[in-house]
Amino acid sequence: MRLYVIKRLGQAVGVLWAAYTVSFLVLDYLPGDPVTAMASAGMDSGQVDPQQIAALRHEYGFDKPVLVQYAEYLGRAVRGDFGDSVSTGRPVTSALADALPQTLQLTGAALLLAVVLGGALAVLATYTAQRWLRQLLLSLPPLGVSVPTFWVGLLLVETFSFRLHWFPAFGNDGFKGLVLPALTLAVPTGAQIAQVLAKSLLTALDQAYVETARAKGAGRWRVHLRHALRNAALPALTVVGLLVGQLIAGSVVVETVFSRDGLGRVTAAAVTAQDIPLVQGVVVFGALIFVTTNLVIDLLYPLFDPRLVVASDRKAALA
C-alpha cells in the first residue's frame, strides 16, 4: 500500500509541474504585451512613456531571458508565491484566495449532485424489469451530454427564476443562489457518470459471480447493489476524477451566465488582460484541485478492489 501511495503522489507532482510548464510556454508565445496594455490603459498608445514600460518590464521580470523567467517563477511557485497580478497589482495568491471558495462551493455541489443523480439514474435503469422504462432511462444520459451547458443554464433561469420565482437568477445569494448554477454544471456531468455506470452495471450483471449469488438465494436488490454495483463502480470512479477538470472549466461559463464571483470570472478577466502571473496561478490551482481529487479516488480504489494493491506490489517486486 505504501508503494501504491508513493507512486500516485509522484504522478500528482508530475501533473502539477507539466501544467505549470505548458501554461508558461503557451502564455509566453501568445501575441501581445501585458505590460504595454497595463501602461496604456485609459490613454492612446502614442502617449505611453517607453521608460515607464521598461520599468514595468523590469519590475515583473519580463526583461529577462525566457529560461531565467521560467526558473525564477517556478522556484517561487514551489514556495506558493505566484507574484503580483499585472492588471490589478494584487498578489496572485490573494486574488485566488478571494475567488476560490465560491468556485469550490459551486463545483463541489455540482459534483455531489452529478454523482447522486447520475448514480441513481444508472441503478434505476439497470434494475427495472420494464423494458420500455429501461430504454427510456438509458436514453436520457446521451441527451444530457449533448446539451450545451450555457443552454441548460439559460433554460433553468427562464423556468425557475423568471417564471416560478423559486431561485435568484444572478449573484452569490446563499444556498438559493447556488442551486441553479450547481444543477447547470451537474446535468452534463451526471449524464456522463450515468452512461459509464449503467454500462458497467449491465456488464457486471452478466458475470458468473452474480449468477452464483442468485443461486445462493440473494435477493434481486441485494445482488444489484452489493455484488454488481461494487465491481461496476471502478470505471465510474475513474470518470468522476476526470470530470473534475471539466467542472472547473465549466465554471467559467456558468459563473458568467449567473454573474457569480469566482475563479471562472477571474480567469476570463485575466485572459482578456493577458495577465500572465494570474493566469498561471489559476492553471496551477485548477491542476492542484484536479490531481488532489484524482489522488483521493486512486486511494479509494483498493477499498473496492484490493487486487490493485497486490498487483502493484508484484510489479514493484519484479522490478
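Me: At roughly what angle do the axes of α5 and α8 cross, and within what distance do they come?

Reply: Two packed helices are described by the angle between their axes and the distance between the axes. Here the axes of α5 and α8 cross at roughly 35° and come within 6 Å. Helices are DSSP runs (H or I, at least four residues), numbered from the N terminus. Axes are lines fitted to C-alpha atoms over the stretch in contact, and angles run from 0 to 180 degrees between N-to-C directions. This is a predicted model: local features need pLDDT of at least 70, side-chain atom pairs count only at pLDDT 80 or more, and totals for chains, interfaces and linings use all residues. Residues are numbered from 1 along each chain as its sequence is written, and side-chain values use heavy atoms, with hydrogens and water left out.

Me: Is the crossing of α5 and α8 left-handed or right-handed?

Reply: Right-handed. That term means the near helix is turned clockwise from the far one by less than a right angle; anticlockwise is left-handed. By class, the contact of α5 with α8 has 22 nonpolar, 6 polar and no charged residues. Ala, Val, Leu, Ile, Met, Phe, Trp, Tyr, Cys and Pro count as nonpolar, Asp, Glu, Lys and Arg as charged, and the others, Gly among them, as polar.

Me: How are α5 and α6 oriented to each other?

Reply: Their angle is about 150°, with the axes 8 Å apart. α5 and α6 are therefore roughly antiparallel. The cut-offs: under 35 degrees is roughly parallel, over 145 roughly antiparallel, 65 to 115 roughly perpendicular, and the rest oblique. The crossing of α5 and α6 is left-handed.

Me: Which residues of α6 and α8 meet?

Reply: Contact means heavy atoms within 4.5 Å. In α6, R134, L138, P141, P142, G144 and V145 take part; their partners in α8 include V187, P188 and A191. α6 and α8 pack at about 135°, axes 7 Å apart, and are therefore oblique.

Me: How much space lies in the largest pocket?

Reply: Rolling a probe the size of a water molecule over the atoms shows where empty space is left. The largest pocket holds about 360 Å³. A pocket is an open set of points on a 1 Å grid over the protein atoms alone, where a 1.4 Å probe fits, with protein on both sides within 12 Å along at least five of seven lines; lining residues have an atom within 4 Å of a point. Of the 18 lining residues, L140, L143, G144, V187 and A191 are closest to the centre.

Me: Which helix gives the most to that lining?

Reply: α8, with 5 residues.

Technical notes:
Grid points are joined across faces, edges and corners, and a volume is the space filled by probe spheres set on the points. Helices (H or I, at least four residues) and strands (E, at least two) are DSSP runs, numbered from the N terminus.
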